[in-house]
Amino acid sequence: MEAGDDTGIDFDKFSEQELDGYEGSVGGLTRRDFLKFCAGVAASLGLPLGAGMRIAEAASDKLRPPVIWLHGQECTGCTETLLRSYHPTLEALILDTISLDYHETLCVGAGKQAEAHKRKIMEEFHGKYVLVTEGGTPTKDGGIYCKVGGKPHVEHVQEAAEGAAAIIAIGSCASWGGIQSADPNPTGAKATHEVLPGKTVVNIPGCPPNPYNFLSTVLYLLTFNKPPELDQQNRPKFAYGRLIHENCERRPHFDAGRFALEFGDHGHRQGFCLYKLGCKGPETYANCPSIGFGDVGFGAWPIGTGHPCFGCTMEETGFRKPLHALAEVKTFSPPTAFPAVDAPKGEGVSPAAAAVVAGVGGLVVGAAATAMRNMKASDRGSDSSETNDA
Amino acid sequence: MAHSPYQPLGGKLLTKPFMVLALLFAIGMYFIATRFAFGLGEVTNLNGGYPWGIWVVVDMIIGTAFGCGGFAMAILIYIFNKGEYHPLMRPAVLGGLFGYTLGGIAVIIDLGRYWNAYNLLLPWYMRPSSVMLEVSLCVMAYVLVLWIEFSPAFLERLGLKDAKRKLQRFMFLIIALGVLLPTMHQSSLGSMLLVMETQLSPLWFTTWLPLLFLITALAMGYAIVILEATLVTRAFGLPSEQRILSKLSPIVGWLLATFLALRLADILLRGHFPQMFEANLNALMFWIEGVLFVVPTVILLSPARRVEQAQMFLAAALLLAAGSLYRIDAYLVAYEPGNGWSYFPSVPELMVTIGVISLEIMLYLVFIKKLPVLHGIRNAQPREA
């Protein structure tokens with residue numbers, strides 16, 4: 001084969017001899033095994049058949065930083081939400097931008113093979129790879145409540161964090177403990193930053209977080225080699241700098257005192273403010289109203305579909321405050337002088353109108369009764385010539 | 001005119017009751033003028049929750065049900081071929097004529113932007129799936145049909161025998177339409193409520209609403225014929241039509257029994273039995289309505305009772321009250337738009353409705369006195385009425 005013809009493609013790279021022994025081939029697999037892996041990834045991502053070759057190309061590109069993604073106590077919702085992102089898509093991310101080398105849900109390799117590959121990446125790219133943690137970390141009883149490869153999750157996290165260039169905690173569980181850290185917290189679940197003292201962990205809370213908050217953070221990291229501006233809880237300010245309340249499309253209803261009082265009532269069906277149903281928007285920092293979910297356009301987020309916000313991005317709110325509890329309004333409290341949504345409207349019965357109705361009713365009943373009495377009289381007299389006014 | 005079995009009643013027009021009615025009509029006219037000068041809000045209590053008030057419910061929905069006499073009698077006379085009821089036909093059509101014409105006028109008064117009403121007739125704006133379109137077109141067409149059905153009375157009065165003979169050739173078509181159109185729109189007046197499932201009390205809301213409205217409209221049509229025949233024959237000293245009326249009553253009785261059975265079965269089938277016994281206005285109205293329907297059913301199905309003129313009259317009056325209440329309940333009382341809205345008609349609003357009804361009675365009196373409407377007048381001694 002000729003190398004470097006006018007197509008610009010190095011065909012030698014794809015020759016059997018080259019590829020089998022190329023440097024850094026995935027997990028030390030043979031060419032046959034590697035191509036099978038790529039075809040498997042392409043198939044599971046729903047990509048066309050030829051994409052397997054692109055994956056092979058991309059996977060061997062050493063310019064892209066490797067990413068190790070660890071799962072702890074979680075529901076995989078964060079990964080699910082990422083699978084449904086479209087700009088960029090997950091495959092664009094993992095094929096063009098990063099090299100997702102280890103992800104317990106998405107990797108095709110399993111068991112010892114996958115673990116071996118992870119270890120290899122951690123050694124080879126020490127100080128260069130990105131660590132993403134998804135899920136809480138159990139710490140009680142030595143962290144035995146969540147194990148991968150026979151080793152507690154907490155040890156995996158600490159081990160991988162040693163050589164990580166950057167650490168991102170995705171989801172509420174990794175950011176602040178999530179649902180399993182709620183009282184009584186039987187497994188001693190903790191956030192990633194709590195088991196990594198002294199390390200900077202970028203938190204992307206949310207249950208699930210918006211995938212674009214994660215993708216934007218990753219792209220920022222790759223482009224500028226530093227995390228975006230963070231708040232006190234290490235959340236990127238671009239995503240968690242504003243209250244939901246500030247950008248909520250139902251805010252005008254709040255300001256006008258129009259509230260849904262129960263699910264399915266008139267106000268709820270009219271799209272009134274959900275504050276009185278326990279919406280935590282007034283105390284929750286997130287950009288949900290601005291970017292929505294699922295790339296289906298405006299209104300596709302919990303409050304948009306009629307469900308109160310439960311404050312998933314907030315450690316002190318999500319899974320901690322009861323769903324029905326009123327949010328602490330940080331901007332300004334609703335005045336008691338708001339008009340009641342169920343105030344009576346309409347003119348009601350005026351005495352004169354009632355009198356007219358009663359009068360007409362009485363007249364009709366009276367006239368009918370008189371007519372009937374006369375009819376009875378004539379029925380008895382059986383004299384049809386007798387006539388009376390009705 | 002000797003050939004026609006129908007005769008004008010004759011007599012003085014400006015009687016005392018007529019003057020009272022004219023006064024009521026004048027008051028109504030004043031408020032109608034106010035409505036057109038200053039808008040609906042000036043006169044009515046209509047609001048965002050109740051855009052339909054008594055002008056629609058009483059003048060139109062109940063008014064046209066009262067006007068179903070011609071429809072009900074046409075079914076009996078022409079479909080079931082019961083020629084012996086023919087003497088009742090022309091006054092029944094006359095009642096329908098006014099019920100429908102004035103109902104239509106009331107709707108125009110009630111329309112917020114009545115100047116747009118002509119759009120209804122433009123085919124490119126028509127939406128064939130709309131119940132409202134069907135009702136409005138049907139009612140308009142039926143008003144026309146009723147005037148044609150009644151026109152032989154004018155032609156006889158004017159002595160246009162040739163024109164009458166020509167018209168008579170196409171009359172079967174008009175009569176067929178006169179049965180078809182009310183069947184369509186009287187049931188559709190019930191269908192209009194089908195979209196209000198969440199707003200209407202489950203005691204009234206049912207997918208059988210169109211059928212229930214049609215049956216009550218028919219029953220009310222017969223009731224108005226009975227009432228009218230009884231009152232007119234007595235007031236003007238005409239020969240009693242009691243014999244023919246008491247033959248009509250078992251038909252109405254069974255119609256009502258069917259209605260009651262359907263209504264009750266429907267509530268039981270849908271599992272809303274407990275709502276009948278709740279302590280609220282809806283349940284109370286349901287029971288009042290029920291009693292008003294049951295009493296005439298019992299009277300009309302009892303052979304001993306229905307021969308008595310007083311009992312018949314009572315049954316017809318109660319039946320009309322029951323049918324009217326059923327419509328008021330379904331459209332206003334049991335209808336709950338939510339969000340705190342309430343509605344009760346204002347005095348001017350009531351006066352317009354009373355004025356329209358007064359006009360109806362006045363026109364009826366003028367027509368039976370001046371046109372050949374009533375049947376078999378021998379040596380009647382018209383009294384002041």
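**Contact between chains A and B**

In this predicted model, the contact draws 26 residues from chain A and 29 residues from chain B. On the side of chain A that touches chain B, helix α16 (residues 351-381) of chain A is the main contributor, giving 11 residues. Sorted by class, that side of chain A holds 13 nonpolar, seven polar and six charged residues.

**Parallel strands in chain A**

Strand β3 (residues 129-134) of chain A is paired with strand β1 (residues 66-71) of chain A through five bridges, and the two run parallel. Within this pairing, A:His71 stands opposite A:Glu134 of β3(A). Strand β3(A) is also joined to strand β7 of chain A, again in parallel, by six bridges. Here A:Val132 is set opposite A:Ile168 of β7(A).

Strand β7(A) in turn runs parallel to strand β9 (residues 201-204) of chain A, with four bridges between them. One of the paired positions is A:Ile170, whose bridge partner in β9(A) is A:Ile204.

In β3(A), six of the six residues are buried. In a regular strand, side chains alternate between the two faces of the sheet.

**Nonpolar cores**

The largest nonpolar core comprises 115 residues. Those with the most contacts inside this core are B:Ala219, B:Met220, B:Ala223, B:Ile226 and B:Ala316. Helix α8 (residues 209-235) of chain B gives the most to the core, with 16 residues. Leaving aside residues up to four places away in sequence, B:Ala223 touches B:Val252, B:Ala316, B:Leu319 and B:Leu320.

Another core, of 42 residues, lies apart from the largest one. Its members include A:Val67, A:Tyr129, A:Val132 and A:Ile170.

Conventions
Residues numbered from 1 in each chain as written. Chains lettered and ligands numbered in written order. Predicted model: local features only at pLDDT ≥ 70, side-chain atom pairs only at ≥ 80, totals over all residues. Pairing = 2+ DSSP bridges. Contact = placed C-beta atoms within 7 Å. Nonpolar A, V, L, I, M, F, W, Y, C, P; charged D, E, K, R; others polar. Core = buried A, V, L, I, M, F, W, Y, C linked by C-beta atoms within 7 Å. Buried ≥ 20, exposed ≤ 12 C-beta atoms within 10 Å, placed from the backbone.
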